2 protein chains.
Amino acid sequence: MDTTDRHIRDALPTVLSGFEELIAIPSISTDPAYAGSVRDASVWVRNRMDGAGLTAEIHETEGHPIVVGRHVAGPDAPTLLVYAHYDVQPADPLDAWRSPPFTLTREGENLVARGAADDKAQVVVQIAAAEAALRTTGLPVNLILVFEGEEEVGSTHLTPFVAEHRDALAADHAIIADSMMFAPDRPSLIFGMRGLAYVEIEVVGSGHDLHSGQYGGAVPNPVHALARIVASFHDPQGRVAVEGFYDSVRDAPREVREGWAAMGYDEAAFQRSAGGAALVGEPGYTTPERLWIRPCLDVNGIVGGYTGPGKKTVLPGRASAKVSCRLVPDQDPHEVTELLRNHVRRHAPAGVDVRVEGYQANPPFRSDPTGPLFQAAGRALADVYGVEPVRVAHGGTLPIARDLAELLTPSVAVLGLALPGANMHAPNEWIPASQVERGMRAMVRVYRELAAEKT
Amino acid sequence: MDTTDRHIRDALPTVLSGFEELIAIPSISTDPAYAGSVRDASVWVRNRMDGAGLTAEIHETEGHPIVVGRHVAGPDAPTLLVYAHYDVQPADPLDAWRSPPFTLTREGENLVARGAADDKAQVVVQIAAAEAALRTTGLPVNLILVFEGEEEVGSTHLTPFVAEHRDALAADHAIIADSMMFAPDRPSLIFGMRGLAYVEIEVVGSGHDLHSGQYGGAVPNPVHALARIVASFHDPQGRVAVEGFYDSVRDAPREVREGWAAMGYDEAAFQRSAGGAALVGEPGYTTPERLWIRPCLDVNGIVGGYTGPGKKTVLPGRASAKVSCRLVPDQDPHEVTELLRNHVRRHAPAGVDVRVEGYQANPPFRSDPTGPLFQAAGRALADVYGVEPVRVAHGGTLPIARDLAELLTPSVAVLGLALPGANMHAPNEWIPASQVERGMRAMVRVYRELAAEKT
C-alpha cells in the first residue's frame with residue numbers, strides 16, 4: 001500500500017461523514033419547491049472543494065448553479081476534466097423506502113439514500129481523490145471538476161456554460177463520473193449512451209369529469225383514446241411501431257456484438273434486479289443489445305379520471321401520458337419528437353383533442369473505446385479491482401457526455417461506481433460502501449497513468 | 001294557492017336553512033375517513049323527521065345507517081314508500097370548485113354544493129312535503145321514508161334491510177326520489193335505469209418503478225400492457241368488443257324509440273353539458289338511446305408510473321384502471337364481470353401479471369310506465385309545472401329501484417328534481433333553488449292523487 005492509498009484509508013471516516021452531510025441536503029432539481037436545497041448543495045460542494053485544496057467557484061446560471069474546482073499542475077501536464085452532478089431525483093413514492101431517503105443509512109455492505117448512487121458518491125469521491133493526491137505524492141494532472149445541479153432536468157444550462165467557457169475548460173480528456181459498473185467486482189468503461197426524446201401527450205374530451213351513467217356511451221372517453229394511442233406505439237412483437245422510428249438507426253459492428261456475447265452478461269441478475277419480471281423486448285436482439293444499441297419507447301406515467309381509493313363512477317374529462325424514447329446513433333431527438341407527434345396525430349380517435357408537448361431532447365453519445373483515455377483508465381481500474389474492466393455501452397442518457405465530446409475533446413469516458421440494480425430513480429437507492437474507497441484509489445491511478453502517458 | 005302551498009311558501013326559508021345544514025356535513029360514503037360525518041348526517045335526518053311530525057328511527061347496519069320515517073294514515077289509505085340517500089360522492093378535484101364544496105352557495109338561480117343535486121335536496125324536500133301536508137290539510141297516505149347512507153358505495157346494506165323488513169315496509173307504490181328531470185321545466189318520470197358492473201384491473205410488471213434508461217427496451221412496461229387491454233375493449237367504430245357483451249341485450253320496442261324521436265331531445269344542450277366535446281358512441285343509435293337502452297363500457301380512472309409535475313424517467317412497475325359497464329335488460333352484472341375477466345385474460349400481453357377484481361354488480365331496472373303510480377304522479381307534476389311530464393329511461397344506476405320492485409312492489413317510479421348537467425359526481429354540482437318549492441308542492445299532490453285513486 002503506497003502513501004496515497006494509506007492516506008485514503010485513514011481519511012475514509014471523514015469522507016463518509018461528508019457524504020452523509022451532502023445526502024441530507026434534498027437537492028431535487030425536478031421540483032421547484034426544492035430550489036433552495038439545490039443551492040445549499042452547491043455551497044456545500046464549493047466549500048468541500050476549498051477544503052480539499054482546490055480553487056473553487058460557484059457559477060450562477062438561470063437554473064441551478066455549476067460548481068467548478070481546479071488544480072493547476074503546469075503547462076506540460078495533461079488536463080483532465082471530471083464531470084459529476086449534485087442534484088437528485090424526487091424520492092417518491094416515500095412509503096416504499098425502508099429508511100428515510102435523505103439519511104445515509106447503512107444496510108449491511110451498502111449505503112442507502114436518494115442520491116447515494118446517482119450521483120453524490122461520485123461528487124464526494126472525486127473531491128476526496130484529488131485531496132488525497134494533493135496531500136501525499138501530488139496531483140500530476142491539471143484537474144478541472146465540473147459539478148452541475150441540473151442533470152435530472154436535462155442539464156439545460158451546462159452545455160451553454162461549457163460552450164461559453166471553452167477555453168477555460170479546454171481539456172485533453174474528460175471523465176463522466178456517473179453511471180455504474182458492469183457487474184460487482186467488474187469495473188467498466190462506457191463509450192456509448194442512449195439519447196432521449198421525452199414528450200407529454202394530453203387528450204382532452206369534455207375537459208371535466210362527468211357522471212359515467214348520465215354520459216357513458218354517448219361522449220368520447222379520453223382514457224380510451226389515450227389507450228388506443230399508447231397501444232399503437234408498439235407492434236404485437238415488441239418493435240416500436242412509430243412510423244420512421246428505426247430509419248436512421250446505425251447498427252453496432254458485428255465484432256462488438258460478438259464481444260458482448262462472450263462477456264458473460266448475467267441476464268438472470270438483470271432479471272432479478274427488475275423484480276423478476278419476464279424479459280421481453282425487440283425481437284432479434286439480446287438483453288444487453290436491447291439496452292445499449294437499440295432504441296426503445298416507454299410510457300413513464302399515465303393518469304386520467306379517478307385514481308383514489310375505492311370507486312367513483314366518473315367519465316374522465318382528460319387524460320395524459322408521459323412518454324420517452326431512448327435513442328441510439330444516428331437518431332436525432334428532435335426528429336423523433338416530430339415522428340411521435342405525427343404518429344399521435346394519425347392514431348388519435350375522433351371526438352377528442354390531442355396535444356403533444358416536447359419536454360426534453362438529447363442526442364445519443366458514442367466515443368472511441370480504444371483511445372488513450374480508455375487505455376489509461378483501464379489500467380487504473382485493473383490495478384484497483386484486480387480484473388480487466390469491460391468496455392460497454394449503457395442504456396441511460398447523459399447529455400453532457402455528448403456535449404463534452406463535441407465542445408471540448410472527443411476523448412470522453414464514462415466511469416461508474418454504482419452497481420446494477422442500484423435503484424437509481426427509485427426507492428431504496430444504494431451503493432456499496434467499499435466503492436467510495438475504491439473509487440478514490442482508482443482516480444488517483446487515473447491521474448498517474450494520464451501523466452505518464454503524456455511524458 | 002291552497003293552504004298547503006301557502007304553508008310551503010312560508011316555510012321555504014326554514015327548509016333552505018335546513019338544506020344548508022345538511023350540505024355542511026361532508027357525508028362522503030366512499031371514503032372511510034368520513035364515516036363519522038355520514039353518521040352525523042343520519043342523526044340530522046332523524047331529528048329533522050322527528051321535527052316534521054314523523055315517527056323516525058335510525059337503523060344500524062354493518063355500514064352506514066338507514067333512517068326510516070313514518071306516518072300512518074289508516075288501513076284504508078294507500079301506502080307510499082319514498083327512497084332517498086343522504087350520502088355523497090367525494091368532492092375532488094377540490095381546486096376545480098368555484099365555491100367551497102360543503103357550503104351551500106347561491107349562484108344566480110342555482111344552489112351549488114356537493115350533494116345539492118345528488119341527493120340532499122330530495123332528502124330535505126321529502127321531509128318538508130310531508131310536514132307541510134301534516135300541518136295543513138293532512139297527509140292522506142301511509143308514508144314510509146327510507147333514506148340510506150350508502151347509495152354512492154352500491155347500497156350494500158339497503159337491500160338486505162328491505163328484505164328483512166318486507167312486512168314493515170310493505171307498500172303499494174314506491175318513489176325513488178333521486179336522479180333528474182328530462183329538461184328545465186320538463187318534469188319526467190323514469191321507468192328504467194341501467195345496471196352497473198364495476199371492476200379494477202391491475203397489471204404488474206417489475207412491481208416497482210425502474211430507471212427507464214437502464215431497463216427500457218428489455219423489460220415489460222405494465223402501462224403498455226394496460227393500454228393494449230383498454231384499447232381492446234372497443235372496436236374502432238365504438239361498439240364494445242368484449243366477447244359476448246351484447247348477447248343478452250333486449251332491444252327497446254320500436255314504439256318507445258319512436259316516441260323518443262318525437263320528444264325533442266335537445267342534443268345540443270346535452271353536448272354543451274358535456275363540455276362541448278363531440279358526441280360519439282355505438283353506431284345505429286341516437287344519443288338518448290345510447291344513454292338509456294344501450295349498454296356501454298367506460299374507464300373511470302387509470303394510473304401508472306410518475307404522474308407528478310415535470311418529468312421523471314421511470315419505467316412503471318405497475319398500472320391499474322377502474323372500469324365500469326352500464327347495463328340494460330337483460331344483462332346480468334355478474335355475467336358481464338366474468339366476460340370482462342375472460343376478455344382481459346385473452347388480451348393481456350406476455351410478461352406481466354394481470355388481476356381483475358370485481359367491485360360492484362347491479363342489475364338494470366325497468367318498470368311499467370302506464371301503471372297507476374305513473375298516472376297519479378304524472379297528474380301531480382303536470383299541475384305544478386304546467387306541462388305533461390315525459391316518461392323516459394335513464395343512463396345511471398339506482399340499485400334500490402330494481403330491489404324495491406323485486407321485494408316490495410312492481411309499481412316503482414323514479415322522480416328527479418335535478419336538471420341535466422347538474423355536475424353530479426363532479427365539481428360545482430348544482431340544483432335550481434326553485435326546485436325545492438316545486439318538489440314539495442309536487443309531492444303533496446302525489447299524496448292526494450294516490451289517495452283519490454284508492455277510494
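**Figure 1. Burial and overall form of chain A.** Of the 455 residues in chain A of this predicted model, 60% are buried; a residue counts as buried if 20 or more other C-beta atoms, placed from the backbone, lie within 10 Å of its own. Local features are given at pLDDT of at least 70 and side-chain atom pairs at pLDDT 80 or more, while totals for chains, interfaces and linings use all residues. Residues are numbered from 1 along each chain as its sequence is written, and chains are lettered from A in the order in which they are written. Chain A has 13 helices and 18 strands, which are DSSP runs numbered from the N terminus (helices: H or I, at least four residues; strands: E, at least two). The radius of gyration of chain A, 23 Å, agrees with the value near 23 Å for a compact globule of 455 residues; it is taken over C-alpha atoms, and the globule rule is 2.2 Å times the number of residues to the power 0.38.

**Figure 2. The two domains of chain A.** The bounds, from an automatic or database domain assignment, are 3–193 + 365–454 for domain 1 and 195–249 + 295–362 for domain 2. The C-alpha centres of these domains of chain A lie 35 Å apart. Their contact takes 5 residues from domain 1 and 6 residues from domain 2, where two residues are in contact if their C-beta atoms, placed from the backbone, lie within 7 Å.

**Figure 3. The side of chain A that touches chain B.** Each chain, A and B, gives 78 residues to the contact. Among the elements of chain A with two or more residues on this side are helix H6 (222–231), strand E11 (296–305) and strand E13 (318–327). E11(A) supplies the largest share, 9 residues. By class, this side of chain A has 32 nonpolar, 34 polar and 12 charged residues (nonpolar: Ala, Val, Leu, Ile, Met, Phe, Trp, Tyr, Cys and Pro; charged: Asp, Glu, Lys and Arg; polar: the others, Gly among them).

**Figure 4. Strand E11 of chain A beside strand E11 of chain B.** The two strands pair in the antiparallel sense over 5 bridges; pairing requires that DSSP finds at least two bridges. A:Val303 stands opposite B:Val303 in E11(B).

Notes: Buried ≥ 20, exposed ≤ 12 C-beta atoms within 10 Å, placed from the backbone.
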